[in-house]
Amino acid sequence: MFYTIKELVAQSHDYPSVAELMIAVELENTTRTREQVRELMARNLEVMTQSVAEGVAGVQSVTGLTGGEAKKLDDYIAAGDWLSGEPILEAVRNAVAVNEVNAKMGLICATPTAGSAGVLAGVLTAVRERLNLSHDQQVDFLFTAGAFGLVIANNAGIAGAEGGCQEEVGSASAMAAASLVLAKGGTVEQASAAVAITLQNMLGLVCDPVAGLVEVPCVKRNALGASQAMVSADMALAGMISVIPTDEVIEAVRKVGVQLPSSLRETGEGGLAATPTAVRLKQEIFG
Amino acid sequence: MPEVRFHSVFDIIGPVMVGPSSSHTAGASRIGRVVRNIFGEAPARIDVYLYESFAKTYRGHGTDVAIIGGLLGMAPDDPHLRDSLRLAHEAGIKVTFIPKSDKVDHPNSARIVLQKGDHKLSVLGESIGGGNIRITELNGFKISLSMGTPTYITIHDDVPGMIAAVTKIFSDSGINIGTMTVTREAKGEHAIMIIEVDGYQADILARLKAIPHMVNVTYFE
């Protein structure tokens, strides 16, 4: 088992990949067989893929606050006249799709949470054909993300109620960035840098859901979290490094999370949730 | 480093679940399901006390629906989860939600009190993120039960010799017991054991159930 990114990086050199290290740890800690572990992860992949397809086709949330915007992005991409770039926009579209499905109480795979489920599914489904990833490589992509996610979860957290969105969409984007680096052929050290770069920019992000619903601003934070994972991965692959070591960045995330007041930790009382429009919407939805 | 709370890759990638929130929906339903398993039968009355983030956002996240779904035995990916309040009502179960303003150890906390006649159980559960949960109090006793560790929960008549009979089955099978909590129900004739072990063998559950005076045994991982 690894408890820090430093240990993860060091131990991964004894295995063919970070994914194989993660599987070895899983077999050590549970009574499951290798086949069962891979099958469980393949089932997660299947649900992630389905939720992307369902959302891109167009869905509406129970409250009507969100929905239909993955479809808008799909049309925009198809029109071929964009600013940023096709792979990033596809990751954004797919992330929106998953979170729109989540908001309508549809079936999703939490990565690491439901409120941040769009990021990992979004980037994986945007790059898998471009990078020619086989089914096994896509499953490995998820094990890799899980390995980096475990370290963040144990040293900071993954719940917005505990440490704000910086720990929720922040951890999702960081682990997605790490998997992207390795899937693109980067080193585990570069993956570690991508985690640090991502978390540094997410630092301090509050959790302020309008009306307490996982819709606004969650859907769009997932979208931008996915785009950031892609850009962080590119930055790390270009050789950019993090001046502050990744484990120290994670510790900073934890400390900032502790310092966030309760009103900015998923209580629906501060930030965007406290704006006049949000207060009105809450009244309209719940009476 | 802080306490290690997450052990498995599937704590991070997964669960597959009905939205919208892993902590407020999936975790909440898992707490309900564990409590139902400890209780061992369908309750006639359910009182749910909600704290902090749970108290403030439970309706938007479907926490109420999820806890009751779990108490009816549903898993987080059960498509019937959203109908749980209606199903409980149809089953004649009296359900009450009580949002509290008290401070507790974790912002996503719920105290679930189940009753059926003299049989009563009170459990405090925490949803710690990503659908992962912890049970921290049982009938007023502090405990620490987290999913992800192989755990047996026994409910049995409160008679002498039960602990010895149960531990013998584990020692005969060569399975080490990590932690063990023994408690009585608040009012009633039953006692409860929560046993975290280092290994799993398929036949243990049946052997535990076969012990005289055993009422119910459940296994979690």
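Select helix α2 (residues 18-29) and helix α7 (residues 135-155) of chain A: their axes come within 8 Å and cross at roughly 70°. Axes here are lines fitted to C-alpha atoms, for helices over the stretch in contact, with angles from 0 to 180 degrees between N-to-C directions. α2(A) is therefore roughly perpendicular to α7(A) (65 to 115 degrees counts as roughly perpendicular).

Next, show the side chains where the two helices meet. From α2(A), pick V18(A), A19(A), L21(A), M22(A) and I23(A). From α7(A), pick D140(A), F143(A), T144(A), G146(A) and A147(A). Contact means C-beta atoms, placed from the backbone, within 7 Å. Colour these residues by type: 7 are nonpolar, 2 polar and 1 charged. Ala, Val, Leu, Ile, Met, Phe, Trp, Tyr, Cys and Pro count as nonpolar, Asp, Glu, Lys and Arg as charged, and the others, Gly among them, as polar.

This is a predicted model: local features need pLDDT of at least 70, side-chain atom pairs count only at pLDDT 80 or more, and totals for chains, interfaces and linings use all residues. Residues are numbered from 1 along each chain as its sequence is written, and chains are lettered from A in the order in which they are written.

Now zoom out to chain A as a cartoon. Look for 13 helices and 1 strand, running α-α-α-α-α-β-α-α-α-α-α-α-α-α from the N terminus. Helices (H or I, at least four residues) and strands (E, at least two) are DSSP runs.

Finally, switch to the C-alpha trace. Along its principal axes, the trace of chain A spans about 55 × 45 × 40 Å.

Technical notes: Angles under 35 degrees count as roughly parallel, over 145 as roughly antiparallel, 65 to 115 as roughly perpendicular and the rest as oblique.
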